[in-house]
Each structure stands twice: as structure tokens, then as C-alpha cells.
Amino acid sequence: MLTPLENARLAYQPRFPKSLKNSILQEEGESKLSEEIKTLFPLTARVRKFSFKQGNEPQTGKVQRVGVLFSGGQAPGGHNVVTGLFDSLLAFNPESQLIGFLGGPSGLIQGEAILLDAKTLAPFRNQGGFHLLGSGRTKIETPE
């Protein structure tokens with residue numbers, strides 16, 4: 001039995017920005033940061049510019065298999081990141097798959113994963129936390 005608050009949270013639908021609906025990647029270019037900023041923030045300066053234009057039809061792309069894991073401490077929006085990624089993947093191509101690695105980076109290393117689907121994700125929508133996949137602090141520091 002869910003509480004009224006849990007029911008209200010499950011019913012919430014975030015608004016999608018109109019500027020991204022049916023959008024098409026228009027151009028990719030160099031960052032327009034000043035030389036001073038590039039010197040102060042060399043890692044950020046490598047970020048390239050992307051812009052989008054409004055399309056008339058939804059875009060369908062190739063099938064994607066995407067893995068997701070949580071690393072570090074708990075954060076309030078973790079489950080919404082996963083459900084948003086799932087929704088976006090299926091909107092892009094309904095045959096796409098989202099794989100969740102259990103226990104953070106150690107799940108990736110040990111191959112502990114689950115295929116995430118709508119039924120599995122439903123109870124976690126808008127519920128915050130990292131309970132679905134768990135998290136971890138395992139460091140991945142070698143090429144292996």
C-alpha cells in the first residue's frame with residue numbers, strides 16, 4: 001500500500017523543454033571561450049559547441065545499448081536520471097536497451113547487471129535515491 005505522497009510522486013510527469021522536442025543536431029563546432037578562460041580552465045576549454053534546431057518529425061536512430069551505474073554517495077535525483085535515460089532511449093529507438101550495473105563500479109567490473117524495463121523502473125520513478133541499483137566507491141584506475 002502506497003502513501004498519498006508516494007502516489008503523487010509516481011504520478012508526476014516532468015515537463016520536457018519545447019526546444020528539445022523533435023530537435024535535430026544542427027552544428028558542432030569549437031568552443032568560443034576566450035583565451036584567458038581556456039588558460040584558466042584547460043579541461044573545460046575542450047568542450048565543443050552543439051546547437052539544435054526544431055524538427056517536424058521525431059527522430060529515430062540506431063538501436064543503443066547503454067549501461068548506467070551509480071558511484072559515490074546517495075543523491076536525491078538518482079532514480080529520475082535512470083528513468084529519464086530509459087525514456088529517452090526508447091523514444092529514440094524502441095528496441096534500445098538500458099543495462100543497470102549493481103553496486104556501482106564493482107558491478108561493472110564483476111559483470112553484475114540487470115536489464116532495466118518499464119515494469120522494473122515503475123516503482124522508482126520520482127522516488128529519489130539510489131536503491132534501484134545501489135552504489136559504490138570502487139575506483140577504476142587501470143586500463144584493465
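Strand 3 (residues 65–68) and strand 4 run parallel and pair over four bridges; strands here are DSSP E runs of at least two residues and helices are H or I runs of at least four, numbered from the N terminus, and pairing requires at least two DSSP bridges between two strands. Within that pairing, Val68 has Gly100 of strand 4 as its bridge partner. From strand 3 the chain passes through helix 3 (residues 78–92) to strand 4, a right-handed β-α-β crossover: clockwise from the first strand over the helix to the second, with the strands pointing away from the viewer.

A note on the source. This is a predicted model, with local features requiring pLDDT of at least 70 and side-chain atom pairs pLDDT 80 or more, while totals for chains, interfaces and linings use all residues. Numbering starts from 1 along each chain as its sequence is written, and side-chain values use heavy atoms, without hydrogens and water.

Back to strand 4. On strand 5 (residues 113–116) the pairing is antiparallel, over four bridges, and Gly100 stands opposite Ile114. Four of the five residues of strand 4 (residues 97–101) are buried, so the rest of the structure largely encloses this strand. Buried means under 20% relative accessible area, exposed over 50%, and partly exposed in between, with a 1.4 Å probe and protein chains only.

Leu121, in helix 5 (residues 118–121), is buried because its relative accessibility is 0%. Leu121 touches Val82, Thr83, Phe86, Leu116 and Leu132, leaving out residues up to four places away in sequence; contact means heavy atoms within 4.5 Å. Leu40, in helix 2 (residues 35–40), counts as exposed because its relative accessibility is 54%.
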